[in-house]
Amino acid sequence: MRNRICDWVLIVVIGFSSLLGTWVNGYELDDKEFHANTTEEMLSFLEDVSNFQLSAAATAYNPLLVGLTLIHGAAAKGAVCMDGTLPGYHLHRGFGSGANSWLVHLEGGGWCNNVRTCVYRKTTRRGSSKYFEKYLAFTGILSNKAEENPDFFNWNRVKVRYCDGASFTGDSEDKVHNLQFRGQKIYLAAMEELMSKGMRYANQALLSGCSAGGLASILHCDEFRDLFPRRTRVKCLADAGMFLDVRDISGGHTLRNMYHGVVTYQISDSLAPRSADPHGVWQACRKNPANCSPSQINFLQGFRNQMLKATQRFFLSKQNGLFINSCFAHCQSERQDTWQLHRPLETGTLNARL
């Protein structure tokens, strides 16, 4: 990414997930414990859990359901999902004062970094539009209700589906296994489609995303800015999208190794993965912070300090701004309960700051 991030505000919502809540290897869902073998499987699971919670909560208040649109011109541009199917998005039009404002949210869903995980992925909604939901509930930052989403409820709101396995990056293929890695082209095709549907006239635009989508919002922030004239206010929001290259509990670099696989093959679990804790020393701590020893708490505090140090460079310019919080859930901007719970500003002030 070119070093132009100081041209506008990057809002970073760091994905701590309560540090020891939903990011660890063990996660309680319907009284059954899930164990992931790899970091990318765990992050994908976390987002599935978030979607499960979102769907369960959605049934209680009948949220807006928005239909799927496939990008029919994408295949001619080589912009296809991992199995060769068309990419897609969900768009709900803005109105009133938000008619010329656009929020583009990039879907998350972990990554795949080898033949096994990528071949499996193309048989799911993470790698094929054949399995996309035809309708998605727009909640949280995508809600159309002023009382639930006062800053963006009447904007043009878009959720771009994620089916490339590498945070909307990469442009290659694995012919032997019939895998397409066209994340960069999918991103470009989606932006071209949205520009043709009126986004080119936006007076303000926000690129957001969670987890793998949050990382994508960072990686594509400069490109997103370049879509618009200088008079357009453009911002980027990364919800749980900052993944630090720090040592895990075994002294290794789990995330570095995982990303190396993603990059070399086709383009939270980061601190205490099961592979780094073969004797289960961190098992009790992972499930409940109250069970952590003083040394384990110190280790986690060290991670916090490294995260804060990594973000300090953003404060060197007065043009930059950061909103950082320790999350209670993964992908909190998409969930109605956490989106309202964490709003620290009065109605309309977030929009004003954007």
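Before I start: I call a residue buried when its relative accessible area is under 20%, and exposed when that value is over 50%. Also, this is a predicted model.

Entry 1, a cysteine check. Cys 163 has 1% relative accessibility, so I put it down as buried. Cys 81 comes out at 0%, so Cys 81 is buried too.

How many disulfides does a search of the whole structure find? I got four. One of them joins Cys 81 to Cys 163, with 2.1 Å from S to S. These two sit 82 residues apart, Cys 81 in the loop between β4 and β5 and Cys 163 in the loop between β8 and β9. The torsion about their S-S bond is about -75°, so I noted this disulfide as left-handed.

Cys 221 belongs to helix α5 and Cys 236 to strand β12. Both are buried.

Which residues of α8 are buried? They are Gln 296, Leu 300, Phe 303, Met 307 and Thr 311. Down the axis of α8, the buried residues fall within an arc of 75°, so they line one face of the helix. The face turned away from that side has exposed residues, among them Asn 298 and Lys 309.

Terms used. Residues are numbered from 1 along each chain as its sequence is written. This is a predicted model: local features need pLDDT of at least 70, side-chain atom pairs count only at pLDDT 80 or more; totals for chains, interfaces and linings use all residues. Side-chain values use heavy atoms; hydrogens and water are left out. Buried means under 20% relative accessible area, exposed over 50%, partly exposed in between (1.4 Å probe, protein chains only). Helices (H or I, at least four residues) and strands (E, at least two) are DSSP runs, numbered from the N terminus. The arc is that of the directions from the helix axis to the C-beta atoms. A disulfide is a pair of cysteine sulfur atoms within 2.5 Å.
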